Each structure stands twice: as C-alpha cells, then as structure tokens.
Amino acid sequence: MGFIMTLFIGLIAGVIAKFLHPGRNEPKGFLLTMLLGVVGAFVFTFLGQTLGFYGEGDGAGLIGATLGAVIVLVVWNFFSRRTHA
C-alpha cells in the first residue's frame with residue numbers, strides 16, 4: 001500500500017509543480033507527471049536530509065515532493081532550452 005500511496009502523492013505533486021512552473025518543453029503525460037513528482041520527492045528528501053530538515057529515516061511529504069518537482073522542472077527547462085537554442 002505504501003508504494004501505491006507514493007505514486008499517488010507523486011502524481012499530485014507533479015500536477016501541482018507543472019501548474020506552478022509551466023513551460024513549453026516539460027514532460028507530458030500521466031506517467032511522466034507521476035514520475036516527476038516521485039523524483040521530486042527523492043530530490044527533496046535528499047536535500048532535506050543534507051540540510052538537516054529531515055532525520056535519517058524521514059522523507060518528504062506532499063509539499064516537499066512538490067518543491068522537489070519544481071526544482072526538477074527548473075533543471076529540465078534549463079537543459080532543454082540549452083540544447084534547442
């Protein structure tokens with residue numbers, strides 16, 4: 001059940017992140033939006049543990065996953081703009 005909940009939170013975080021940081025060249029589709037949120041959660045969990053926001057076994061919630069997904073979108077847009085310009 002935890003895996004399904006992770007995917008559901010990832011989907012919600014991905015949708016919110018795409019709303020907060022729209023772009024022409026962002027990943028599209030249901031699965032890529034879900035993957036964006038899940039990767040965002042991993043990114044923000046790593047950053048949060050490195051900066052001391054989270055403990056050893058703690059992970060990012062919905063807000064952290066959304067912030068991580070926005071970070072992933074910013075990096076994605078930076079590199080995709082660079083290769084096409």
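Threonine 45 touches Tyr54, Asp58, Gly59 and Ala60, when residues up to four places away in sequence are not counted. In this predicted model, threonine 45 has its place in helix 2, and with a relative accessible area of 16% it is buried.

**Around threonine 45 and tyrosine 54**

- Tyrosine 54, one of the residues that threonine 45 touches, is found in the loop between helix 2 and helix 3.
- The relative accessibility of tyrosine 54 is 22%, and it therefore counts as partly exposed, because buried is a term kept for residues under 20%.
- Leaving out residues up to four places away in sequence, tyrosine 54 touches Phe44, Thr45, Gly48, Gln49, Gly59, Ala60, Gly61 and Gly64.
- Tyrosine 54 and glycine 64, a pair included among those contacts, are 10 residues apart in sequence, and their C-alpha atoms are 11 Å apart in space.

**Regions annotated in the UniProt record**

- The unreviewed UniProt entry places the feature "transmembrane region" at residues 6–23, 30–54 and 60–79.

- The largest nonpolar core is made up of 5 residues, namely Ala17, Leu36, Ala69, Val70 and Leu73.
- Helix 3 gives the most to this core, with 3 residues.
- Valine 70, a member of the core, touches Ala17, Leu20 and His21, if residues up to four places away in sequence are not counted.
- Which residues does lysine 18 touch, not counting those up to four places away in sequence? They are Glu26, Pro27, Lys28, Gly29, Thr33, Leu36 and Leu73, and Leu36 and Leu73 are among the residues of the core.
- Lysine 18 itself is found in helix 1, which covers residues 2–20, and at 16% relative accessibility lysine 18 counts as buried, because this value is under 20%.

**Contacts between parts of the chain that are apart in sequence**

- Methionine 34 lies in helix 2, and at 11% relative accessibility methionine 34 counts as buried.
- Leaving aside neighbours within four places in sequence, methionine 34 is in contact with Leu7, Gly10 and Leu11.
- Methionine 34 and isoleucine 12 are 22 residues apart in sequence, while their C-alpha atoms are 7.5 Å apart in space.
- Leucine 62, which is found in helix 3, has a relative accessibility of 34% and counts as partly exposed.
- With neighbours within four places in sequence left aside, leucine 62 is in contact with Ile9, Ile12 and Ala13.
- Leucine 62 and valine 39 are 23 residues apart along the chain, and a distance of 12 Å separates their C-alpha atoms.

**The nonpolar patch on the surface**

- Phe46, Leu47, Leu51, Phe53, Ile71, Val75, Phe78 and Phe79 form a nonpolar patch on the surface, and together these residues have about 820 Å² of accessible area.
- Helix 2, residues 30–51, and helix 3, residues 62–84, each supply at least two residues of this patch, and the largest share, 4 residues, comes from helix 3.
- Is phenylalanine 46 buried or exposed? Phenylalanine 46, which is found in helix 2, counts as exposed because its relative accessibility is 57% and exposed means over 50%.
- Phenylalanine 46 and glycine 68 are 22 residues apart in sequence, and in space they are 9.6 Å apart from C-alpha to C-alpha.
- Phenylalanine 53 has its place in the loop between helix 2 and helix 3, and with a relative accessible area of 60% phenylalanine 53 is exposed.

Technical notes:
Residues numbered from 1 in each chain as written. Predicted model: local features only at pLDDT ≥ 70, side-chain atom pairs only at ≥ 80, totals over all residues. Heavy atoms only, no water. UniProt positions renumbered as here; feature names shortened; annotations may be inferred. Patch = residues over 30% accessible without salt bridge, like charges linked within 9 Å, V, L, I, M, F, W, Y side chains within 5 Å. Areas by Shrake-Rupley, 256 points an atom, 1.4 Å probe, with all protein chains shown as cover. Salt bridge = Lys/Arg side-chain N within 4 Å of Asp/Glu carboxyl O. Buried < 20%, exposed > 50% of the residue type's maximum accessible area, 1.4 Å probe, protein only. Contact = heavy atoms within 4.5 Å. Core = buried A, V, L, I, M, F, W, Y, C linked by side-chain atoms within 4.5 Å.
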